[in-house]
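This briefing goes through a single protein model, topic by topic. Please look at the sequence and the structure before reading the points below.

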Amino acid sequence: MKISTKGRYGLTIMMELAVRFGEGPTSLKSIAEKHQLSEHYLEQLVAPLRNAGLVKSIRGAYGGYILSRNPEEITSGDVIRVLEGPISPVDFTEEDDPAKRDLWIRIKNSIAEVLDSTNLADLIAFKDEGVNDNYMFYI
């Protein structure tokens with residue numbers, strides 16, 4: 001399963017709103033400028049998030065967006081499902097081999113468990129411990 005820019009940038013929006021939770025609305029323009037993203041594209045992404053009840057829009061000169069719930073109550077799975085659709089690495093049918101079908105289901109459930117057990121508060125509290133798994137080997 002590959003998460004597209006919709007899911008990645010949607011999580012960026014939600015994490016920025018989580019960081020500023022309780023401080024008032026945040027404009028998409030400020031998020032776009034901070035992350036060097038297209039404000040127009042972020043506007044397209046925030047609409048389904050608003051329709052799903054994850055964010056609220058505040059109108060006016062100092063308007064913008066706020067989270068509709070605490071960051072602890074919104075999971076990355078909530079965001080990814082709204083923007084990417086159902087979590088499924090493979091479209092399988094009942095004709096598939098039972099062993100392969102079981103594999104796809106276990107993979108789907110594992111991905112869902114990680115996404116659903118990681119909330120916005122977890123994401124914004126993450127501290128990179130400097131562990132780097134990108135080794136360079138010279139022969």
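A residue is called buried under 20% relative accessible area, exposed over 50% and partly exposed in between, with a 1.4 Å probe and protein chains only. The model is predicted, so local features need pLDDT of at least 70 and side-chain atom pairs count only at pLDDT 80 or more, while totals for chains, interfaces and linings use all residues. Residues are numbered from 1 along each chain as its sequence is written, and side-chain values use heavy atoms, with hydrogens and water left out.

**Overall make-up**

- The protein has six helices and two strands, where helices (H or I, at least four residues) and strands (E, at least two) are DSSP runs numbered from the N terminus.
- Read from the N terminus, the order of elements is α-α-α-β-β-α-α-α.
- Of the 139 residues in the protein, 29% count as buried.
- Contact here means heavy atoms within 4.5 Å. Among contacts between residues at least 6 apart in sequence, 65% join residues at least 24 apart.

- Rings of Phe, Tyr and Trp (its six-membered ring) pair if their centres lie within 6.5 Å; planes under 30 degrees apart are stacked, over 60 edge-to-face, and the rest tilted.
- The count under this rule is one aromatic pair.
- The ring centres of Tyr9 and Tyr41 are 5.7 Å apart and the planes stand at 80°, so this pair is edge-to-face.
- Tyr9 belongs to helix 1 (residues 5-19) and Tyr41 to helix 3 (residues 39-51), so the pair ties together parts that are 32 residues apart in sequence.
- Tyr9 is partly exposed, at a relative accessible area of 23%, and Tyr41 is partly exposed at 23% relative accessibility.

**Helix 2 against helix 3**

- Axes are lines fitted to C-alpha atoms, for helices over the stretch in contact, and angles run from 0 to 180 degrees between N-to-C directions.
- The axes of helix 2 (residues 28-35) and helix 3 come within 9 Å and cross at roughly 125°.
- Helix 2 is therefore oblique to helix 3, given that angles under 35 degrees count as roughly parallel, over 145 as roughly antiparallel, 65 to 115 as roughly perpendicular and the rest as oblique.
- The crossing of helix 2 and helix 3 is right-handed; a crossing is right-handed if the near helix is turned clockwise from the far one by less than a right angle, and left-handed if anticlockwise.
- Helix 2 contributes Leu28, Lys29, Ile31 and Ala32 to the contact, and helix 3 contributes Glu39, Leu42, Glu43 and Val46.
- By class, this contact has five nonpolar, no polar and three charged residues (Ala, Val, Leu, Ile, Met, Phe, Trp, Tyr, Cys and Pro are nonpolar, Asp, Glu, Lys and Arg charged, and the others, Gly among them, polar).

**Loop between helix 2 and helix 3**

- Gln36 sits in the loop between helix 2 and helix 3.
- Gln36 is not a glycine, yet has a positive phi of about 55°.
- Gln36 is exposed, with a relative accessible area of 74%.

- Helix 4 (residues 76-84) and helix 5 (residues 98-116) have axes that come within 6 Å and cross at roughly 120°, which makes helix 4 oblique to helix 5.
- Ser76, Gly77, Ile80 and Arg81 of helix 4 meet Ala112, Leu115 and Asp116 of helix 5 in the contact.
- That contact has three nonpolar, two polar and two charged residues.
- Pro89 is placed in the loop between helix 4 and helix 5 and is partly exposed, with a relative accessible area of 26%.
- The C-alpha atoms of Pro89 and Ile111 are separated by 8.9 Å, the two residues being 22 residues apart along the chain.
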